[in-house]
Amino acid sequence: MNNAKEIVEKLIEKVEKDNLTEQLQTIDKLIDQNKAKIWLRTRSGKPLAEKMETTAQMVWEKLGTGSDTNKTIDELMMVAKEIDEESQRRSMVVT
């Protein structure tokens, strides 16, 4: 997750479109909030963390080629939201 965070921070610096910058800042915030969660190091969480890393790397590579990064950034946002939703679900207290 730390590698994904570094890549997203680089993307924020490099992307000039306001809507993409805003989306990347949201992704960065979600990564920051969830990167220390213990469940991401478990058997069920590792695939999600790895997917985040892989997708962030894909966005970085596509940005360098001038390809359409919007779709890939949307994919990165979906992974970040999925991680955040799972973190929220796991932190709910049963009363």
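## Charges and basis of the model

The chain carries 16 positive and 18 negative side chains, and the centres of these two sets are 6 Å apart. Lys and Arg are counted as positive and Asp and Glu as negative, while His and the chain ends are not counted. Each charge is placed at NZ of Lys, CZ of Arg, CG of Asp or CD of Glu.

This is a predicted model, in which local features need pLDDT of at least 70, side-chain atom pairs count only at pLDDT 80 or more, and totals for chains, interfaces and linings use all residues. Residues are numbered from 1 along each chain as its sequence is written, and side-chain values use heavy atoms, with hydrogens and water left out.

## Overall fold

The chain has four helices and zero strands, which gives the pattern α-α-α-α along the sequence. Helices (H or I, at least four residues) and strands (E, at least two) are DSSP runs, numbered from the N terminus. The radius of gyration is 14 Å, close to the 12 Å that the globule rule gives for 95 residues, so the chain is as compact as a globular protein of that length. This radius is taken over C-alpha atoms, and the globule rule is 2.2 Å times the number of residues to the power 0.38.

Along the principal axes, the C-alpha atoms fill a box of roughly 50 × 25 × 20 Å. Among contacts (heavy atoms within 4.5 Å) with a separation of 6 or more, 66% join residues 24 or more positions apart.

## Surface and burial

The accessible surface of the chain is about 6,200 Å², and 48% of it belongs to carbon and sulfur atoms. Accessible areas come from the Shrake-Rupley method with a 1.4 Å probe; for residues, only the protein chains shown count as cover.

Of the 95 residues, 40% count as buried. Buried means under 20% relative accessible area, exposed means over 50%, and partly exposed lies in between (1.4 Å probe, protein chains only).

## The nonpolar core

A nonpolar core is a set of buried Ala, Val, Leu, Ile, Met, Phe, Trp, Tyr and Cys residues joined through side-chain atoms within 4.5 Å. The largest one here has 25 residues, and Leu24, Ile27, Met52 and Ile83 have the most contacts inside it. Two or more residues each come from helix 1 (2-14), helix 2 (18-34), helix 3 (46-65) and helix 4 (70-91). Helix 4 gives the largest share, six residues.

Leaving aside neighbours within four places in sequence, Ile27 is in contact with Val8, Ile73, Leu76, Met77 and Ala80.

## Residues of helix 1

Ala4 is found in helix 1 and is buried, with a relative accessible area of 0%. Not counting residues up to four places away in sequence, Ala4 touches Ile31, Met52, Glu53 and Ala56. Leu11 also lies in helix 1 and counts as buried at 0% relative accessibility. With neighbours within four places left aside, the contacts of Leu11 are Leu24, Val59, Trp60 and Leu63.

Lys14, in helix 1, counts as partly exposed at 48% relative accessibility. Beyond four places in sequence, Lys14 is in contact with Trp60 and Leu63. Lys14 and Trp60 are 46 residues apart along the chain, and their C-alpha atoms are separated by 9.7 Å.

## A residue of helix 4

Ser87 lies in helix 4 and is buried, with a relative accessible area of 6%. Leaving aside neighbours within four places in sequence, Ser87 is in contact with Asn34, Lys37 and Trp39.
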